[in-house]
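Here is a short report on one protein chain.

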Amino acid sequence: LKTGGDLRQVLQTMLGSPEFWSEGAYRAKVKTPLEIVASALRASNADVQSAQALANELQKLGEPLYRKIEPSGYSNANADWVSTAGLLERMNFALALAANRIPGVTVDGASWQSQTDPVNLARTILNIDPGAQTEAAITREARDYRLVAGLALGSPEFQRH
């Protein structure tokens, strides 16, 4: 109200506030299934020849295309996407994508294979440093670059934005 509706000033105030960058708010939103599939395809530089299998993956993840009847669409609330079964499906999708087990979708792992350090590979996929638990899981599986990539794509760090 103090700005008289000046959106530029409102955004500057919001982006400059400590609450905006607080630990509880920063990277706290869990991606929806559509967001996780789209971002995993981008992060893996996947070549999609047929999207039918991806539509099936979205169904398994709980967000089937064009099936939400209410006009408000699917929820953006974290609680609606975070469950034991939902997180397992996300990890299964990530591992399948990285291993080229999704029909009609090809991931060329040449750039992944050239990475000698599995943590650097994860960092490349995540665009941030992996957390301690993710780094430990990735380090245990360092011998298989596709498994490392799948673990990064299924990690808690990749699930948020």
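How many helices and strands does the chain have? The chain has nine helices and two strands. This is a predicted model. In sequence order, the elements run α-α-β-α-α-β-α-α-α-α-α.

**Overall build**

The C-alpha atoms fill a box of roughly 60 × 40 × 30 Å along the principal axes. The chain holds 161 residues, and 34% of them count as buried. Its accessible surface comes to about 10000 Å². Carbon and sulfur atoms account for 54% of that surface.

Take the contacts in the chain with a separation of 6 or more: 67% of them join residues 24 or more positions apart.

**Helix α8**

Is helix α8 enclosed by the rest of the structure or open? Helix α8 spans residues 145–153. Seven of its nine residues are buried, so the helix is largely enclosed by the rest of the structure. The buried residues are R146, V148, A149, G150, L151, A152 and L153. A residue counts as buried when its relative accessible area is under 20%.

Which helices do these buried residues pack against? Their partners are α2 (33–43), α4 (84–98), α5 (110–113), α6 (118–126), α7 (132–140) and α9 (156–159).

R146 is itself one of the buried residues of α8.

**A buried serine in a loop**

S44 sits in the loop between α2 and β1 (47–48). Is S44 buried or exposed? S44 has a relative accessible area of 3%, so it is buried. A polar atom of its side chain lies 2.8 Å from the backbone oxygen of A40. Leaving aside neighbours within four places in sequence, S44 is in contact with L97, V107 and W112.

**Charges and salt bridges**

The chain carries 16 positive and 17 negative charges. Their mean positions are 2 Å apart. Side chains of opposite charge can pair when their charged atoms come close. How many salt bridges does the structure hold? There are five.

| Salt bridge | N to O distance |
|---|---|
| E35 and K29 | 3.2 Å |
| R123 and D129 | 2.5 Å |
| R143 and E141 | 3.4 Å |

How accessible are the residues in these pairs?

R123, which pairs with D129, has 31% relative accessibility and counts as partly exposed.

R143 is exposed, at 69% relative accessibility. E141 is partly exposed, with a relative accessible area of 23%.

Key:
Residues are numbered from 1 along each chain as its sequence is written. This is a predicted model: local features need pLDDT of at least 70, side-chain atom pairs count only at pLDDT 80 or more; totals for chains, interfaces and linings use all residues. Side-chain values use heavy atoms; hydrogens and water are left out. A salt bridge is a side-chain nitrogen of Lys or Arg within 4 Å of a carboxyl oxygen of Asp or Glu. Buried means under 20% relative accessible area, exposed over 50%, partly exposed in between (1.4 Å probe, protein chains only). Helices (H or I, at least four residues) and strands (E, at least two) are DSSP runs, numbered from the N terminus. Contact means heavy atoms within 4.5 Å. Accessible areas come from the Shrake-Rupley method with a 1.4 Å probe; for residues, only the protein chains shown count as cover. Lys and Arg count as positive and Asp and Glu as negative; His and the chain ends are not counted. The place of a charge is taken as NZ of Lys, CZ of Arg, CG of Asp or CD of Glu. A polar contact is a pair of N or O atoms within 3.5 Å; within protein, one must be able to donate a hydrogen and the other to accept it, and residues adjacent in sequence count only if both atoms are side-chain atoms.
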